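Visitor: Could you walk me through this structure, please?
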Amino acid sequence: MATSNGAVPFWRTRRGQRRLTTIVVLVALCAGAAIILLPFFWMVSTALKPAEQVYLSPPVWVPIPPQFGNAIEVLTRVPFNRYALNTFVIVALVMIGTLFSCSFAAYGFARINAPGRNLIFMLVLATLMLPGAVTLVPTYLMFNSVGWVDTFLPLIVPAFFGNAFSIFLLRQYYLTIPVELEEAAKIDGASHYRIWWSIILPLSKPVLATIAVFTFVGTYNDFFTPLIYLSNEDNYTIAVALSFFQGSPRIGPQMHLLMAAVTMSIIPPLLLFVAAQRYFVRGIVMSGIKG
Amino acid sequence: MTTPPLARETGQTEAPRVPRPARRWNREALHGYVFMSPAILGLLIFTLGPIIASLLLSFTDYNILTDPEWVGLKNYVDMFEERLFWQALRVSAIYSVVSVPLGLGLALGLAILLNHAMRGISVFRSIYYMPTVISGVGVAMLWRWLFNAEFGVINVLLGKVGIEGPAWLLDANWALPALIITSLWGVGGTTLIFLAGLQAIPEELYEAAEIDGAGLWSRFWSVTLPLISNVTFFNLVLGIIGALQVFTDAFVITRGGPNHATLFLSVYLYQHAFQYLNMGYASAIAWFMFFVVMLLTVLVFKSSPLWVYYESGRQEK
């Protein structure tokens, strides 16, 4: 492979330097990866332990045989399926609302000239910097006064009114779509609504997918909103239910069951991440570009 | 790259410079407003309206059950006299001042490592980003278990190298550091934003610097850092806003304790709004947070010409 003549040792050559850097980078990255992965390992390890092995010192690292029954015990002790169903209903409707409202609004911001458009767009972008706390109390009181507290509506309805980040991403993407594609349709008398639906939407599938995965993860992991709006246990999402597990008499402080529940709860976003990784990466890259 | 191409946009709808009938243009604008309507309504109903309502509420005493009563500045006066408010402010300030710079530094370091061209690098990128995807209550509970004083894996590993770990979440001195460590675990999102910025730096600049005899450090200092500064700026603004709003970790992992050691402003606000139903007082806290975030954002923006490098001719917002 590398030939180093007697005078210059291999590690002083350009190629050797490069090889050396790669080794250093690899070692550092492996160490970091170990730190990232260790909590997951510990979680799964605890989730598969029999109760008597959880609080042992020194700890049991790999429980043999693994207790897959822990997961089943969680499912029978608490209505986990119910929580999962609630969560997925909310996530699905929030995704529909977000994709529809944001792509619709973004078309207006990208394609139609109306007085005040840029001002409105700036205001929408400014909401990105707004701390959620400042709108929290009045929003809660508003939903309370229309009797929506303890329903899914406060979690779902706002999604139908767009969010700054997704509108921004979509608008930027629409601006890169050549207008010529729409000219022909316009000459044929197609309305803006038709152009949006049958030309722009199909062309923006990659961005829509990016927004969809971020919306899924954000809504699925959201804790605060369901915590303040949902009080009946039948309405809990997985996130809220989990937070009550640690104090619940049904699961109590039984760490192996709690970790089994946590493990199950992270499976959906993890699967989505594995399946749709390039969309996550694309979204981050796009969000960084505007900096 | 994303400079608003205003010329093209306006060119597109006003392309034929012949005067059109006014009605036609009005109808076009009307369609525009229809399209923008979700955003406009959202802005009014879920942002502007609540901001104003929140300001008004902060001058009242309101517990939902009885009508709001106008009390002027009383909530603000009470707030500044309340010991726990200062504690909450202190906790949020320490957390932000420590976790934001640490997170930015760590993220930039990792991004530089992840920018190294080698086989299998994308696997590492995925691993580092993974915690961001599954953040939330589950992960918070996991960290509670990791920080367990006696059986948690952190103290077990510390014990292996001969360090007796603190009681972490049970120790008022160590609970906040524990939450900062937790936040650093989720630094992958910031890392990938930095990585995107690094990949946009032209390779020739490094080659030129190398020809001039610049070592690793001076290449980092004079090429990477200036060219990445706009991304740093973006991450800094987002980091400050995020750090002041931390809730899930503080609420799930420590419930604000022990002895208020992790009573973040957001937790303090939650307690007043939804446990004591002090809606007026909670609004005052919210407006204070709003004020602080605005102040910090303006400071960062104003200071940016001093440390953010913009290529000449490149328009930046």
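**A loop, then the chains**

Guide: His260(B) sits in the loop between α12 (248–254) and α13 (265–275) of chain B, where helices are DSSP runs of H or I with at least four residues, numbered from the N terminus. This is a predicted model, in which local features need pLDDT of at least 70 and side-chain atom pairs count only at pLDDT 80 or more, while totals for chains, interfaces and linings use all residues. Residues are numbered from 1 along each chain as its sequence is written, and chains are lettered from A and ligands numbered from 1 in the order in which they are written.

Visitor: What is phi of His260(B) near?

Guide: Phi of His260(B) is near 65°, which is a positive value in a residue other than glycine. Most residues other than glycine have a negative phi.

Visitor: New topic: how many residues of chain A are in contact with chain B?

Guide: In chain A, 82 residues are in contact with 83 residues of chain B, contact being C-beta atoms, placed from the backbone, within 7 Å. Helix α1 (residues 14–47) of chain A gives the largest share of chain A's side, 14 residues.

Visitor: Where is the cis peptide bond in chain A?

Guide: The cis bond joins Ile64(A) and Pro65(A), with omega about -10°, and Pro65(A) lies in the loop between α1 and α2 (69–77) of chain A.

How values were computed. Contact = placed C-beta atoms within 7 Å. Helix = DSSP H or I, 4+ residues; strand = E, 2+ residues; numbered from the N terminus.
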